[in-house]
Amino acid sequence: MSTYLSAKEKKIGFILLGLTALAYIYVWFGPVFLHTATKVPHPALYLGGGLAMMAIAGWSLTRTRRLIAGALCMIVAFGPWGKFVVLPFPLLAYGAFTAFKRDQQEIARKRQEAAAKREARQKSGGKAKAVQTGVDGRPLPTPSKRYTPPARTRPKSRRAN
């Protein structure tokens, strides 16, 4: 699979990024330009920082690999949204989808390789010694030839006396 985004995925990413940018400007327009009271000391820095993050994410949609573009879209979703944290959820979902998407052909190829290895092991007729594993997955130790079990201190039954 190509590790780059397809044209359709890029288009969807740009649409979601544009809508998220509009929502972000809507959230920070009042504190920056209308001078409403805010709890943050410099809301213009938050506006500029968020738009810069979106510009970098937009650049990554065109130039970088799928994993990086998805990660940057997820980072934008975790930006300074204040109480409007639900607005970037579509971009977060898009970023997670693109970052962790796997190709079905690659998955099928790996399954075929595993099946071929399994068949090769079965054809060998068990020539390799099977290793028993314990509960934790580690191999059990081989029994020692020098081990002598402890002697019984009491008889097996009461009637033996």
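Predicted model: local features only at pLDDT ≥ 70, side-chain atom pairs only at ≥ 80, totals over all residues.
Q: Let's start with rings. How many aromatic pairs does a search of the whole structure find?

A: The search turns up 2 aromatic pairs. To name the geometry, look at the angle between the ring planes: under 30 degrees counts as stacked, and over 60 as edge-to-face. Take Tyr24 and Trp81: their ring centres are 5.0 Å apart and the planes stand at 80°, so this pair is edge-to-face.

Q: Which parts does the pair of Tyr24 and Trp81 tie together?

A: Tyr24 sits in helix α1 (residues 7–33), while Trp81 belongs to the loop between α3 (66–77) and α4 (89–100), so the pair links parts 57 residues apart in sequence. Both Tyr24 and Trp81 are buried.

Q: And are the rings of Trp28 and Tyr46 stacked or edge-to-face?

A: Here the planes are at 5° and the centres 5.3 Å apart, so Trp28 and Tyr46 are stacked. Trp28 is in helix α1 and Tyr46 in helix α2 (residues 43–63), so this pair ties together parts 18 residues apart in sequence.

Q: Is Trp28 buried or exposed?

A: Buried means under 20% relative accessible area. Trp28 has 9% relative accessibility, so it counts as buried.

Q: Which residues form the nonpolar patch on the surface?

A: Ile25, Phe29, Phe33, Leu34 and Leu51 make up the patch, and together they have about 450 Å² of accessible area. Helix α1 gives the largest share, 3 residues. Leu51 is in helix α2, and this residue is partly exposed at 30% relative accessible area.

Q: Now to charges. How many salt bridges does the structure hold?

A: Side chains of opposite charge can pair when their charged atoms come close. This structure holds 5 salt bridges. In one of them, the side chains of Glu9 and Lys101 meet at 3.0 Å, N to O. Glu9 is in helix α1 and Lys101 in the loop between α4 and α5 (104–123), so the pair joins parts 92 residues apart in sequence.

Q: Where do Lys110 and Glu106 lie?

A: Both are in helix α5, 4 residues apart, which is about one turn of the helix.

Q: Which residues do salt bridges with shared partners join into one network?

A: Glu9, Arg66 and Lys101 are joined in that way. Among these, Glu9 is buried, with a relative accessible area of 9%, whereas Lys101 counts as partly exposed at 33%.

Terms used. Residues numbered from 1 in each chain as written. Heavy atoms only, no water. Phe/Tyr/Trp six-rings, centres within 6.5 Å; stacked < 30°, edge-to-face > 60°. Helix = DSSP H or I, 4+ residues; strand = E, 2+ residues; numbered from the N terminus. Buried < 20%, exposed > 50% of the residue type's maximum accessible area, 1.4 Å probe, protein only. Patch = residues over 30% accessible without salt bridge, like charges linked within 9 Å, V, L, I, M, F, W, Y side chains within 5 Å. Areas by Shrake-Rupley, 256 points an atom, 1.4 Å probe, with all protein chains shown as cover. Salt bridge = Lys/Arg side-chain N within 4 Å of Asp/Glu carboxyl O.
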